[in-house]
Every structure is written in C-alpha cells, then in structure tokens.
Amino acid sequence: MALIRWQTGPGEFAEPGTDYDRLRQGMEWLLDRFGSPAPGFTSRVFPSINITEDKDYYYLRAELPGVKPEELDIAVVENQVSIRGERKIQAEKGEFSYHRREREAGSFRRSISLPMEIDSAKVNAELKKGILKITLPKHEKTKPRKIQITETK
Amino acid sequence: MEEKEMARQEKKEVKRTGEETRPGPVFIPAVDILENQNEIVIVADMPGVDGQDVDIDLRDDVLTIRGAVRPVEDEKEASVYREFNWGDYFRQFTLAEVINQEKIAAKMDNGILRLTLSKKEKVKPKKIQVSVQ
C-alpha cells in the first residue's frame with residue numbers, strides 16, 4: 001500500500017492553504033485509494049494506524065489493547081514498516097456464560113510504506129495503555145539539506 | 001488451535017443526545033459480558049485510557065462506563081495519514097440482576113477495563129411447614 005501525503009504540515013511547504021484545496025486533496029486521496037484497488041490492498045487489515053511527523057521523526061500509532069510486547073514483532077527495512085502479532089484473550093476461569101462477546105482475538109500482520117527512508121537502527125517502539133507508538137527517525141540522507149552559497153567575485 | 005486472522009473494526013461513535021462539555025468524538029468500546037452464579041464481569045477495550053480517567057457509575061439498574069483519553073499526539077506533530085480518530089469512550093448497560101453496590105471491583109490494565117459486579121444474595125425461598133392437626 002502506498003502512502004500519499006494528503007495534508008500539508010504547518011510551515012514552509014503549505015499550499016496556498018484554503019479549505020477547498022484541502023478538500024480537493026482529500027478527494028483525490030480517496031479516489032486514489034478506493035477508486036483503483038492496488039495489488040494486495042485490503043481495507044480490513046488490522047490494526048488501524050495513524051501516522052504523524054515532525055522535522056526529524058515519523059510517529060506510527062495503533063490501538064492494540066491487551067497486546068504484550070512479546071506478542072509483537074516489528075521490522076523496518078528502508079521505508080517499510082511491518083507489524084506482526086497476536087492478540088490473545090485468556091479464557092475465564094470458572095463456569096461463566098457469555099452474554100456478549102464483541103472483543104476479538106487472533107493474529108495480524110500489516111505492512112506500511114512511509115514517504116521517506118527510515119534510520120532503522122534508531123527505531124523505538126513502546127506499548128502504553130494499549131497504544132503502540134513507533135518512533136521512526138527520518139534518515140539523514142533524505143532530509144533536506146541547506147546549501148551554502150559562496151560568492152565569487 | 002486454528003489461527004484466526006483479525007479484521008479491522010471501524011470504531012463506533014456514540015450517537016449524541018444533547019451537548020457535550022468535552023470536545024471531540026466519543027466511541028463505544030467493544031465489550032465482553034460474562035456471568036456466573038455470583039458475579040457479572042464486564043471486559044471493555046479502551047485503549048489510551050488511564051486507570052484514573054475511568055468513571056463508573058451505577059444508579060438503580062443502569063451502569064455507566066466512561067473513559068477519557070488524554071491527548072495522545074504532541075501539538076508539534078503534523079498529520080500524514082489517518083485511519084482512525086482518538087476519542088473518549090462511553091457505554092451504558094441496564095442490569096437485570098441486583099448488584100451489591102459495595103462490591104464493585106474495577107481494574108485497568110494495558111487499555112482493558114475489567115469490571116466485576118457481585119450479585120446480591122437472593123432471599124432464599126422459605127419453606128412453610130403446614131402442620132396437620
């Protein structure tokens with residue numbers, strides 16, 4: 001699945017930011033995503049993810065309540081992040097009868113392509129209050145570099 | 001045991017009646033409800049909720065569960081891609097059993113709330129002896 005940046009961040013690259021422009025971009029993103037199914041694209045891959053960024057990092061977050069660190073497997077290669085794991089729901093001790101069973105258990109795997117290469121040696125992941133947060137440093141070589149201009153007479 | 005592949009579930013938003021004092025969406029947590037002879041157990045998925053931000057209220061036979069989610073993302077972070085929203089949790093149940101108000105135990109662990117409600121001891125049927133004269 002390809003990631004398309006659909007919203008400009010605050011700062012230098014912002015479009016002549018109108019609401020209309022943002023809406024148009026959103027529509028294009030939707031069409032791109034759902035109009036022509038990309039190979040291997042499934043809309044129901046668990047878990048749902050959110051990606052944000054700042055100058056130096058991407059932050060990937062997913063809701064994984066009850067999942068333990070040892071049940072998760074995260075790998076980063078270039079700009080690809082893959083998350084694999086299993087969510088287990090322990091059987092209750094004692095003679096219980098179920099009135100409702102909405103919570104799901106099972107295995108999951110998901111692969112995400114980021115717009116930029118990641119420094120895989122410095123990736124950090126933490127699980128807190130059932131939320132997985134992966135901190136992905138942008139690779140030095142892909143960051144914009146300021147070019148010094150020398151004046152020649 | 002066979003392996004089951006998990007499917008993504010869209011978070012369900014609470015249909016609001018009246019106005020909220022806190023901004024942002026409110027979701028319905030997925031729950032399991034179990035019962036045995038002595039207790040009712042409610043297990044709810046509420047990722048992002050801290051133990052101190054859970055509010056449980058039992059009034060007559062209506063049980064209300066609220067979970068507040070503190071801001072997860074830093075203000076400096078810009079959105080790149082989004083599949084779900086952050087938000088609080090809210091759900092209400094009507095209990096058929098009489099609950100012992102003093103024996104409600106709640107535990108929050110890794111984004112999962114576990115609520116144990118003890119049933120009140122039922123009045124045992126009294127056997128009435130009929131004496132034959």
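Five strands line up as β7(A)-β8(A)-β2(A)-β1(A)-β6(B) in an open sheet with antiparallel pairing. Strands here are DSSP runs of E, at least two residues each, numbered from the N terminus, and two of them pair if DSSP finds at least two bridges between them. At the edges sit β7 (124-128) of chain A and β6 of chain B, each of which pairs on one side only. On average, neighbouring strands of this sheet are turned by 20° against each other, direction ignored; that angle is taken between axes, which are lines fitted to C-alpha atoms. As a reminder, strands of a sheet pair through backbone hydrogen bonds, either parallel or antiparallel.

Keep in mind that this is a predicted model, where local features need pLDDT of at least 70, side-chain atom pairs count only at pLDDT 80 or more, and totals for chains, interfaces and linings use all residues. Residues are numbered from 1 along each chain as its sequence is written, while chains are lettered from A and ligands numbered from 1 in the order in which they are written. The model scores ipTM 0.83 and pTM 0.75. Chain B averages a pLDDT (the predictor's confidence in each residue, from 0 to 100) of 88, and 91% of its residues score at least 70.

| Strand | Partner strand | Bridges | Facing residues |
|---|---|---|---|
| β1(A), residues 49-53 | β2(A), residues 57-63 | 5 bridges | A:Thr52 and A:Tyr59 |
| β5(A), residues 97-101 | β2(B) | 4 bridges | A:Arg101 and B:Asp32 |

Now for the interface. In total, 34 residues of chain B are in contact with 42 residues of chain A, contact meaning that C-beta atoms, placed from the backbone, lie within 7 Å. On the chain B side, β2 (31-35), β3 (39-45), β4 (49-59) and β6 (78-82) each supply at least two residues. By class, that side has 16 nonpolar, 5 polar and 13 charged residues. Nonpolar covers Ala, Val, Leu, Ile, Met, Phe, Trp, Tyr, Cys and Pro, charged covers Asp, Glu, Lys and Arg, and the others, Gly among them, count as polar.

A:Ile74 belongs to strand β3 (residues 72-77) of chain A. Leaving aside neighbours within four places in sequence, A:Ile74 is in contact with A:Ile83, A:Ala125 and A:Ile134.

Note on methods:
Two residues are in contact if their C-beta atoms, placed from the backbone, lie within 7 Å. Axes are lines fitted to C-alpha atoms, for helices over the stretch in contact, and angles run from 0 to 180 degrees between N-to-C directions.
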